[in-house]
Amino acid sequence: MKEKIFVTRPLLPPLEEYVNELRDIWDARFLTNAGPKHQKLEAELKDYLGVENISLFSNGHMALQVAIRALGLKGEIITTPFTYASTTHAIAECGCTPVFCDIDPVTLTMDVKKAEQLITDRTVALLPVHVYGTVCDVEALQKLANKHSLKLIYDAAHTFGVKVGDKGIGTFGDISMFSFHATKVYNTVEGGCLTYSDPSLKEKIEAIHAFGFKSGSVNADYVGTNAKMTEVSAAMGLCNLRHVDKAIESRRRTAEIYDSMLSGIDGITLLHKQSGVETNYAYYPVLFCKEKCGINRDEAAEALKRDDIFARKYFYPLTSDFNCYKGKFDRGVTPTADKAAENVLVLPLYAGLSDDDAKRICNIILNEVS
Ligand SMILES: *Cc1c(COP(=O)(O)O)cnc(C)c1O
């Protein structure tokens with residue numbers, strides 16, 4: 001019996017390593033509220049991500065909400081619907097209006113020219129998403145934000161450790177959100193962080209994420225939530241940080257097998273490689289065009305499933321098509337995003353996926369292609 005293969009598999013450190021970290025927590029009896037593990041992880045992540053300012057969170061979604069609240073945003077936020085639910089929900093939950101912009105057909109990230117056409121006097125911010133490990137056009141977006149005095153927040157949930165030139169991806173824009181969810185390249189079981197350019201934001205961000213209390217204060221200066229990272233999550237983060245480079249290297253190997261076996265086929269589009277960008281191989285999306293290769297995305301997924309391989313339609317549907325947003329916000333005119341959501345399939349990619357399994361996955365697809 002072959003084992004089932006899922007689209008991802010969580011990164012786990014050797015159990016003994018984690019138990020050792022837990023021993024310290026048992027000794028200190030300090031479980032949350034910026035304890036020693038939290039502080040250590042914060043320092044190590046600052047270094048790893050190459051950022052000046054960072055705050056840790058219970059998860060990426062709460063971090064994104066706190067980012068919007070810390071910047072005091074009220075009004076329209078231009079974003080893309082080709083993303084995970086979190087991006088759009090965070091905007092709506094904070095009482096802002098998502099304005100859906102189309103994506104670029106090559107990078108599948110926000111189309112900056114189209115974003116400019118959507119700016120009105122109600123626009124307060126841009127919230128683009130770095131998808132799959134591919135980065136947005138950070139320079140053009142910053143220029144656009146400056147020109148119209150807009151805040152720029154990145155959903156960087158997929159781009160842990162990605163660099164543009166020698167700069168960490170978290171150094172761009174006003175604020176970036178990273179997710180440390182179990183399914184991501186790097187995890188703290190659940191967790192996330194914000195990185196930001198203005199150091200004076202730290203006090204406000206961390207107050208809002210802890211019931212509105214500034215450090216040491218008994219009176220709340222902000223309406224706040226509870227989104228603190230616990231010591232047991234931070235301990236997992238310290239362990240996984242020691243293994244993440246090896247994990248990314250393993251992902252790269254698998255991605256290269258996929259590249260070599262699936263490239264050059266009419267009707268199969270692979271992700272664009274960005275020059276000057278050091279990616280993290282977070283996801284391996286493939287776009288199918290049935291007219292050219294004979295199978296569509298769903299047929300490819302079905303063929304893999306017959307062999308107990310579970311690829312995923314990610315992202316489908318667009319967040320602008322969610323039931324909860326029907327009639328609430330303009331859906332937006334997003335033909336490129338529509339097409340990507342209809343045709344994309346994300347293949348299994350995680351540290352430890354064997355070369356043989358990667359080749360088997362390609363061969364199943366190649367057998368279906370005409
Ligand atoms: C995972 C993810 C999030 C949310 O992160 P959580 O840590 O799960 O809350 C947000 N945006 C995108 C694009 C994601 O993939």
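Predicted model: local features only at pLDDT ≥ 70, side-chain atom pairs only at ≥ 80, totals over all residues.
Student: What distance separates a polar side-chain atom of Ser 179 from an oxygen atom of the ligand?

Tutor: A pair of N or O atoms counts as a polar contact within 3.5 Å. A polar side-chain atom of Lys 184 lies 3.1 Å from a ligand oxygen, and an N or O atom in the side chain of Tyr 314 is likewise placed 3.1 Å from an oxygen atom of the ligand. For Ser 179, the distance from a polar side-chain atom to an oxygen atom of the ligand is 2.7 Å.

Student: What percentage of the ligand's accessible area does the protein cover?

Tutor: The reference is the accessible area that the ligand has on its own, which is 380 Å². Of this area, the protein covers 93%.

Student: Why is strand S13 described as largely enclosed by the rest of the structure?

Tutor: In a regular strand the side chains alternate between the two faces of the sheet. In S13, Tyr 284, Val 286 and Phe 288 point one way while Pro 285 and Leu 287 point the other way, and all of them are buried. The strand is therefore largely enclosed because the number of its five residues that are buried is five.

Student: Which residue in S15 stands opposite Pro 285?

Tutor: S13 pairs with strand S11 (residues 268-270) in the antiparallel sense over three bridges, and there Thr 269 stands opposite Leu 287. Strand S15 (residues 344-347) also runs antiparallel to S13, joined to it by four bridges. Within S15, the residue opposite Pro 285 is Val 346.

Student: Which residue with a positive phi follows helix H4?

Tutor: Helix H4 covers residues 85-93, and its buried residues are Ala 85, Ser 86, Thr 87, Thr 88, Ala 90 and Ile 91. The cover over these buried residues includes H3 and strands S3, S4, S5 and S6. After the helix comes a residue whose phi is near 80°, namely Gly 95.

Note on methods: Residues numbered from 1 in each chain as written. Heavy atoms only, no water. Buried < 20%, exposed > 50% of the residue type's maximum accessible area, 1.4 Å probe, protein only. Helix = DSSP H or I, 4+ residues; strand = E, 2+ residues; numbered from the N terminus. Pairing = 2+ DSSP bridges. Polar contact = N/O pair within 3.5 Å; in protein donor to acceptor, adjacent residues only side chain to side chain. Areas by Shrake-Rupley, 256 points an atom, 1.4 Å probe, with all protein chains shown as cover. Contact = heavy atoms within 4.5 Å.
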